[in-house]
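Here is a friendly walk through this entry, written as numbered points. Please keep the structure open beside you as you read.

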Amino acid sequence: MYSGPVIDCDIHHARNTDAELIQYLSKGWREYVTDRGPAGNVPLTVQDGFPNPHGFMRADTYPKHGGEPGSDYPTMRDQLLAASDLRRAILTFGDDSHVAGHHNPYFAAELARAMNDWSVERWLTQDPRLFSSIMVGSQLPDTAAAEVRRHALNPRMVQVMLVDNPFNRGFGHPVFHPIYAAAEETGRPVAIHGGAGGWANPPSTGGGSVSTYFETHVLWPQALQTHLVSFIAHGVFEKYPGLRVVLIEGGSAWIPSLLWRFDTEYKGLRREVPWLKRLPSEYFAQHVWVTTQPLEIAPEKENVIDLLRSMHLEDRLVYSSDYPHWDADEIEYLSTRLPADWHRRIFFENACRLYEWNEKELERPKPVAQKAQ
Amino acid sequence: MKIDVGAVADFEDHRMRILQAGIHEVGVLRWRDRFFAIHNRCPHQKGPVCLGIVSGRLSSGAPGSMEVDDETPVIACPWHGWEFELERGRALWDESYAVKVVPVRVESGRVVLEVGKGAA
């Protein structure tokens, strides 16, 4: 099992009550959300249309003293952060991450702002190893860009996160570009989380809608494929050459076949996108990272490794646990599925490059507490 | 070996004309007062490249803009769309792929190909 330094790039932190988030809303939006009498609060989270038959959370992650999985720092610390030589972890929100699925764009923007403040005050203060995503209401791209810039001076707010798709357009479409301008300007990668596109706003899948959580979960890579192709085809990386993108929770074994097809199509259809100066796979190799979870399982594990190696993904994969979700990947398990000479890169080094962190500084031995004389 | 393939006036501007030059099919293009000639055989899957669309080279300074370099004729193979610039025959996306170029010039109002050793 790998025992070196670890950076976990996908941990879903959650809130227990509406009140936790409501206190970060402006006075007017607090009034809008509350005081509805027996109707209760206006729902702060968009509703999920595909219930998981055995729930979305690992049963062991429910805090002993009650509350939602991912909502209790001590539980997370003991179960996850202390279980490895973890140096840093990226928080990615729970159900609230679907904020761009709200129909009301102004409410979404305010919720995103409040979520970020909640994350800074309630989570980042608890552990210096925790870092947070910047959630944006992409329904209003200019407002979303302003929210990204609001956190420019906070090095603990490390990436801009997109999940739901309010416009039914691939994320490379120019309508989203103000967000990317802000991300590049502030040096933040853009993280696209699986489910992007249809959690709250179907269609979530190409070809037609699906009926079960089983189907939608199998097809999660589809949305990431759409966004990856869209980013490259629209020339986002030509327009914002400093931009980095990380694809979260969509698997990785499909990437070689998509990029092979992408390169081939480019050779024949360059006339339509002359702003591209390189092969799509070259843009990918320079700008895109991918989280490990869920690593595809083949009967012969070497089959997956061969695929990943074919596109040099050992240098683009970053470890993610997906804690506290039901399909989380454990370090011990991943250690058995990945070649030993990839471990350090995937569990630690690649994330340092993605977030532009100083590897040597992060790797220093942790200070040992001095005993009182 | 030189092959006279006709008078300049016989060639319609901006149109590729396919003809037999020795043992090879060659496409000859008149581009205003310039002439280009290539083998009618795509290096990709041996398709009849000279049946493809001829245009100025499309380029772009920024995503969303479309510009044309009218001094650089390009042909797109009708099989799969691979584009080749006609001056040197090279594919636009990878210069290691190229259609074979045939030297062509105008002599006394006649279009002349040079085929044979080192040529077609």
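1. Ser59(B) has Glu67(B), in S6(B), as its bridge partner. Strand S5 (residues 53–59) of chain B and strand S6 (residues 67–76) of chain B run antiparallel and are joined by seven bridges. Another residue set across from S6(B) is Ile53(B), which stands opposite Ala76(B). Strands and helices here are DSSP runs, numbered from the N terminus: E of at least two residues for strands, H or I of at least four for helices. Two strands pair if DSSP finds at least two bridges between them.

2. A word on what you are looking at: this is a predicted model, in which local features need pLDDT of at least 70 and side-chain atom pairs count only at pLDDT 80 or more, while totals for chains, interfaces and linings use all residues. Residues are numbered from 1 along each chain as its sequence is written, and chains are lettered from A and ligands numbered from 1 in the order in which they are written.

3. Back to chain B, where S6(B) is also joined to strand S7 (residues 83–85) by three bridges, again antiparallel. Val74(B) stands opposite Glu85(B) in S7(B). S6(B) and S7(B) make a hairpin with six residues between them, and His80(B) in the turn has a positive phi of about 75 degrees. Together, three strands form an open antiparallel sheet in the order S5-S6-S7 (chain B). Its edge strands, S5 and S7 of chain B, each pair on one side only. From one strand to the next, the twist averages 55 degrees.

4. Look next for another open sheet of three strands in chain B, ordered S1-S9-S8 with antiparallel pairing. Strand S1 (2–7) and strand S8 (104–107) of chain B are the edges, each pairing on one side only. Here the twist averages 30 degrees from one strand to the next. Four bridges connect S8(B) with strand S9 (residues 110–114) of chain B, and Val104(B) has Leu113(B) in S9(B) as its bridge partner.

5. The loop between S8 and S9 of chain B holds Ser108(B). Its phi is near 55 degrees, a positive value in a residue other than glycine. Is Ser108(B) buried or exposed? Ser108(B) is exposed, with 8 other C-beta atoms within 10 Å. For reference, a residue is buried if 20 or more other C-beta atoms lie within 10 Å of its own, exposed if 12 or fewer, and partly exposed in between, with C-beta atoms placed from the backbone.

6. How do the two chains meet? The contact takes 13 residues from chain A and 13 residues from chain B; residues are in contact if their C-beta atoms, placed from the backbone, lie within 7 Å. On the side of chain A that touches chain B, helix H9 (236–239) and helix H10 (255–269) each supply at least two residues. H10(A) gives the most, with four residues. By class, that side of chain A has five nonpolar, three polar and five charged residues. Ala, Val, Leu, Ile, Met, Phe, Trp, Tyr, Cys and Pro count as nonpolar, Asp, Glu, Lys and Arg as charged, and the others, Gly among them, as polar.

7. H10(A) also packs against helix H11 (residues 280–287) of chain A, at an angle of about 130 degrees and with the axes 7 Å apart. The residues making this contact include Leu259(A) and Phe262(A) of H10(A) and Phe284(A) of H11(A). In the loop between H10 and H11 of chain A sits Val273(A), which is buried, with 20 other C-beta atoms within 10 Å. Val273(A) touches Ala233(A) and Gly235(A), leaving aside residues up to four places away in sequence.

8. Please also check two cis peptide bonds in chain A. One runs from Gln293(A) to Pro294(A), with omega near -5 degrees. Pro294(A) is in the loop between strand S7 (288–291) and helix H12 (301–310) of chain A. Another cis bond joins Tyr323(A) and Pro324(A), with omega about 5 degrees. Pro324(A) lies in the loop between strand S8 (317–318) and helix H13 (331–337) of chain A.

Methods. Contact = placed C-beta atoms within 7 Å. Axes fitted to C-alpha atoms, helices over the stretch in contact; angles between N-to-C directions.
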